[in-house]
Amino acid sequence: MHAAQVDIALREFRYPYRREPARTIRVTFRRNTVREIRDLRGDQAISVVDLEPQLVSEFFTPEREKRQLVKIGDIPPHLTQAVIRH
């Protein structure tokens, strides 16, 4: 039985904590199991690949301002103290 393979062209995207570069990977299957993932830029085997997450929704106010959720720990303390009453 021959191994099936598929090449996937990934575009550059950003996670909140790092940038994922554009690249092409090849996934090889044998008997419905992933046997190998290769980064074709350097023709090297890799064990993990991050895929660009799909946008589910965006937040807008009635004025149509685009909003972005952030973790409260990512907000400077002086800003949260100015907004949240103790």
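The largest nonpolar core consists of five residues, L10, I25, V27, I37 and I46. A nonpolar core is here a set of buried Ala, Val, Leu, Ile, Met, Phe, Trp, Tyr and Cys residues joined through side-chain atoms within 4.5 Å. Buried denotes a relative accessible area under 20%, exposed one over 50%, and partly exposed the range in between, with a 1.4 Å probe and protein chains only. In soluble globular proteins, nonpolar side chains tend to be buried together.

The structure is a predicted model, in which local features need pLDDT of at least 70 and side-chain atom pairs count only at pLDDT 80 or more, whereas totals for chains, interfaces and linings use all residues. Residues are numbered from 1 along each chain as its sequence is written, and side-chain values use heavy atoms, with hydrogens and water left out.

The protein chain contains one helix and eight strands. Helices (H or I, at least four residues) and strands (E, at least two) are DSSP runs numbered from the N terminus. The order of elements from the N terminus is β-β-β-β-β-β-β-β-α. Of the 86 residues of the protein chain, 16% count as buried. The accessible surface of the protein chain is about 7,800 Å², and 52% of this area belongs to carbon and sulfur atoms; accessible areas come from the Shrake-Rupley method with a 1.4 Å probe, and for residues only the protein chains shown count as cover. Contact means heavy atoms within 4.5 Å. Among contacts in the protein chain between residues at least 6 apart in sequence, 24% join residues at least 24 apart.

Four strands form an open sheet in the order β1-β4-β5-β6, with antiparallel pairing. Its edge strands are β1 (4–10) and β6 (44–46), each of which pairs on one side only. On average, neighbouring strands of this sheet are turned by 30° against each other, direction ignored. Axes for such angles are lines fitted to C-alpha atoms, for helices over the stretch in contact, and angles run from 0 to 180 degrees between N-to-C directions. Two strands are taken to pair if DSSP finds at least two bridges between them. Strands of a sheet pair through backbone hydrogen bonds, either parallel or antiparallel.

The antiparallel pairing of β1 with β4 extends over seven bridges. Within it, V6 has V27 of β4 as its bridge partner, and L10 has R23 of β4. V6 lies in strand β1 and is partly exposed, at 35% relative accessibility. Leaving out residues up to four places away in sequence, V6 touches I25, R26, V27 and F29. V27, with the same exclusion of residues up to four places away, touches A4, Q5, V6, I8, V34 and E36.

R23 is part of strand β4 (residues 23–30). R23 counts as buried because its relative accessibility is 12%. The side chains of R23 and E20 are joined by a polar contact of 2.9 Å. A polar contact is a pair of N or O atoms within 3.5 Å; within protein, one must be able to donate a hydrogen and the other to accept it, and residues adjacent in sequence count only if both atoms are side-chain atoms. Apart from neighbours within four places in sequence, R23 is in contact with I8, A9, L10, D39, R41, I46, V49 and D50.

T28 also lies in strand β4 and is buried, with a relative accessible area of 12%. Beyond residues up to four places away in sequence, T28 touches A3, A4, Q5, T33, V34, R35 and E36. The bridge partner of T28 in β5 is E36. Strands β4 and β5 pair in the antiparallel sense over six bridges.

The hairpin of β4 and β5 has two residues between the strands, and R31 takes a positive phi near 55° there. R31 is located in the loop between β4 and β5 (33–39) and is exposed, with a relative accessible area of 68%. N32 is found in the loop between β4 and β5; its phi is near 60°, a positive value in a residue other than glycine. N32 counts as exposed because its relative accessibility is 81%. Most residues other than glycine have a negative phi.
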